[in-house]
Amino acid sequence: MTFLFEWLPSAASILSAVFYLYASICATKMIIRMFIYELIPRPLMDYLVSRLSDSKLLLNFCSFALVIEQRWEAVNNVTYRAVEAYLPTIIGSASIDGLLIGSNNARDSTSVPETAIPVGTKIIDKFQGMCIEWTLHLKEARRYYFSDRKYFLLTCSKKNRERVLRDYLPHVLRMAKLILEQRKDIYIHSYNHRYGIWESSVFDHPSTFENLAMASEKLKRAVLDDLDKFVNRQGYFQRVGRAWKRGYLLYGPPGTGKTALVAAIANYLRYSIYDLQLQSVQSDTELRNILISTTNRSILLVEDIDCTKMGSYNRHRLSDPLETQGEQAEMITNRGVTLSGLLNFIDGLWSICGEERIIIFTTNDKEKMDPALLRPGRMDVQIRMGYCTAEGIRMLLETYKGETLRMFYVYLEMLMQHLEITPAEMTEELLKMDYLDFPYNSIVRFIKKKRKELKERGGRRGEADRNRVTGLASLADFP
Ligand SMILES: Nc1ncnc2c1ncn2[C@@H]1O[C@H](COP(=O)(O)OP(=O)(O)OP(=O)(O)O)[C@@H](O)[C@H]1O
């Protein structure tokens, strides 16, 4: 027995041998790494790494891979979007190491966060006895002005290739459709010109048709009916071979609720908004790329179209042929979107791309708009947003104070004559009132103050009354 103990190496000598081995492996690794970094130039190394990672799949004869990139040709890849929506929902049943969570709902920090897949995380999904592995990869941009692109890599056993394409992928797409349809949030997107992508955040605007003051309930009903008809007419648009889209023009002085109406429409239809700053678009090609990467069931909003070069129209200049030539030259030499580029999207060939789209233009001055934009078939519904009427104030009082004193409005009607009070001003005034205030006195005081100001300025009667009218300026019937 004693002999046996003498023969076995002591624990200390085993430990020192292991430590020696570990230290020499680390040292060798360091030397190899130093050698690689010092001797191989960075571009060559990047190239080798990319070749190696590409060939990793080829070397694996038993597996089949599908790559789903963020972009497909010039547009966002809807299959990528579907996989992005589907994968976080299978975490209960699939094997996954970690998840990203977060929320872009700035109004509610306690809102349930959304989930997303972190780059590099493997997800194993089981479907009809098959094992499908998903990984999200990041392809770094080669130039700083391009954005990094992500792609999903699906790998499965080669023998399951047919079944994955035939059964599994359609299942993922079907599930994603359901998931996306059930999403309660709507989004507002703004275009990041530097990276060439739409960036989004949750759209949580409180404006609805219930709290929006319009000239009459009849007008509100007409707008709602038009929206209902639009969403229910898919078959009809297809049958007559027209794009499933509708153009709205909202015009009127600042503060009369044009943006509030856009928000009410988005909330009513549950459509996301693409807020396009046309002034920042560099060319028709960029405009095409921007617009084809918007999704269906959405509103394309172009605010203050009269302030954009191609949306506005200067009658004096165009009446002078020499000036007209100058203008055309300016169109050609200046960078920016041309009117024909924009019209092509409203009703040209490109307008057929996508469906269930609403295009909304807003302007403070319809007179300044290029007549080409107003031709029949382009802006199907034109709504004039005007200064407050007695009826408008009644609606606002009902919303803000829960008050409806009928007799008061007859008096108000007389008092309001020739006054330019925007709904925005009136809502500000209502907000200032103490909760317990009797609102009628405060409103009369406010209106009288406005009358005094008008008198001091000398008053512009005709103008104020013309702008007071809120209503449908035109409503094209559905074709
Ligand atoms: N018709 C309205 N009904 C209820 N609230 C309104 C209405 N019009 C304006 N408001 C209130 O005034 C605010 C500002 O109005 P909004 O921005 O919609 O006006 P606008 O016509 O789009 O102005 P601009 O031309 O300057 O963009 C709204 O957020 C809303 O609170």
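## A tour of the predicted model

Leu44, Tyr47 and Leu48 make up a nonpolar patch on the surface, and together they have about 290 Å² of accessible area. This is a predicted model, so please read each value below as computed from it. With a relative accessible area of 39%, Leu48 is partly exposed.

### Inside the protein

The largest nonpolar core contains 30 residues, and Leu261, Ile358, Ile360 and Ile383 have the most contacts inside it. Several elements each supply at least two residues of this core: the helices α6 (217-231) and α8 (258-269), along with the strands β12 (245-251), β14 (298-302), β15 (357-363) and β16 (381-384). Helix α8 gives the most, with 7 residues. Another core, of 26 residues, lies apart from this one, and Tyr251, Ile290, Leu342 and Phe345 are among its members.

### Around the ligand

Helix α8 turns up again here: α8 and α16 each supply at least two residues of the shell around the ligand. There are 16 residues around the ligand, and those that come nearest are Ala213, Gly255, Lys258, Thr259 and Ala260.

| Residue | Protein atom | Ligand atom | Distance |
|---|---|---|---|
| Ala213 | polar backbone atom | nitrogen | 2.8 Å |
| Thr259 | side-chain N or O atom | oxygen | 2.6 Å |
| Asn364 | side-chain N or O atom | oxygen | 3.0 Å |

On its own the ligand has 620 Å² of accessible area, and the protein covers 74% of that.

### Two residues with positive phi

Most residues other than glycine have a negative phi. Gln128 is not a glycine, yet has a positive phi of about 45°. Gln128 belongs to the loop between β7 (122-127) and β8 (130-139). Is Gln128 buried or exposed? Its relative accessible area is 51%, so Gln128 is exposed, the cut-off for that class being over 50%.

Arg270 also has a positive phi, near 60°, and is a residue other than glycine. You will find Arg270 in the loop between α8 and β13 (272-275). With 41% relative accessibility, Arg270 counts as partly exposed.

### Two pairs to look up in the model

Where does Leu419 lie? Leu419 is in the loop between α15 (406-415) and α16 (423-432). Although it is a loop residue, Leu419 counts as buried, at 2% relative accessibility; buried here means under 20%. Leu419 and Lys448 are 29 residues apart in sequence, with their C-alpha atoms 9.9 Å apart in space.

The other pair involves Thr115, found in strand β6 (residues 114-116). Thr115 counts as partly exposed, with 33% relative accessibility.

Terms used:
Residues numbered from 1 in each chain as written. Predicted model: local features only at pLDDT ≥ 70, side-chain atom pairs only at ≥ 80, totals over all residues. Heavy atoms only, no water. Patch = residues over 30% accessible without salt bridge, like charges linked within 9 Å, V, L, I, M, F, W, Y side chains within 5 Å. Areas by Shrake-Rupley, 256 points an atom, 1.4 Å probe, with all protein chains shown as cover. Salt bridge = Lys/Arg side-chain N within 4 Å of Asp/Glu carboxyl O. Buried < 20%, exposed > 50% of the residue type's maximum accessible area, 1.4 Å probe, protein only. Core = buried A, V, L, I, M, F, W, Y, C linked by side-chain atoms within 4.5 Å. Helix = DSSP H or I, 4+ residues; strand = E, 2+ residues; numbered from the N terminus. Near = heavy atom within 4 Å. Polar contact = N/O pair within 3.5 Å; in protein donor to acceptor, adjacent residues only side chain to side chain.
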